[in-house]
Amino acid sequence: GLALRVPADGDLEPMVRYWSVGNVEDDVRSALASARGASLPLTRLLPAMARARLGRYPAQGDPEYDCYWSSMRFFAGATPGEDIPDVSRAEYYLSGAYAEVAGDERRLGDLYVLRGADGNLVHMANHVAGDVVFTKNGRSHTRPWALMHLRDMRRIFPFTTTRVYRRR
């Protein structure tokens, strides 16, 4: 799995600030300090919703979770609401509660929004770190929540443009 290399010495506070979004700061600080000079699995640093679902499939009988539900609930805790937004509601939330940010200013949880040539919303995922995203590719019980490289996700959704948004 993907891991974060924690330096053996130096100030950990910039890493603590980055990974504390959606997490308990003292827990993040402790995890990073205990991993000094080694690697820490990224799963350990994800917010509760993503950590609980990563690599798992929705259970039969569960709602058909998709990228919109998953990306907009990245920070919603281990048991977020079940309401599944459709594309029009995802657009509504995006326009009202999020603002576009420059790609070089990305931080944990920011939304990658992929649009087709016609401007329609095609996919959404959350920025984790570097070029790694948290994603749910498809409204299906046969597709797990996953961490993947942005370029690999873009291959699944070709002919799209990508912009980055952050909750206001």
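Seventeen residues, given here as 17, line the largest pocket of this predicted model, and F75, Y98, G109, D110 and R167 are the ones nearest its centre. A pocket here is an open set of points on a 1 Å grid over the protein atoms alone, where a 1.4 Å probe fits, with protein on both sides within 12 Å along at least five of seven lines; lining residues have an atom within 4 Å of a point. Two elements, α4 and β8 (161-167), each give two or more residues to the lining, and β8 gives the most, with three residues. Helices (H or I, at least four residues) and strands (E, at least two) are DSSP runs numbered from the N terminus. The pocket has a volume of about 170 Å³, taken as the space filled by probe spheres set on the points, which are joined across faces, edges and corners. By residue class, the lining comprises nine nonpolar, three polar and five charged residues (Ala, Val, Leu, Ile, Met, Phe, Trp, Tyr, Cys and Pro count as nonpolar, Asp, Glu, Lys and Arg as charged, and the others, Gly among them, as polar).

Turning to the aromatic rings, Y65, W69 and W145 form one cluster, with rings paired if their centres lie within 6.5 Å (Trp by its six-membered ring; planes under 30 degrees apart are stacked, over 60 edge-to-face, the rest tilted). R53 lies over the face of W145, at 5.8 Å from the ring centre.

Residues are numbered from 1 along each chain as its sequence is written. Local features need pLDDT of at least 70 and side-chain atom pairs pLDDT 80 or more, while totals for chains, interfaces and linings use all residues, and side-chain values use heavy atoms, without hydrogens and water.

Note on methods. Lys NZ or Arg CZ within 6 Å of the ring centre and 35° of its normal.
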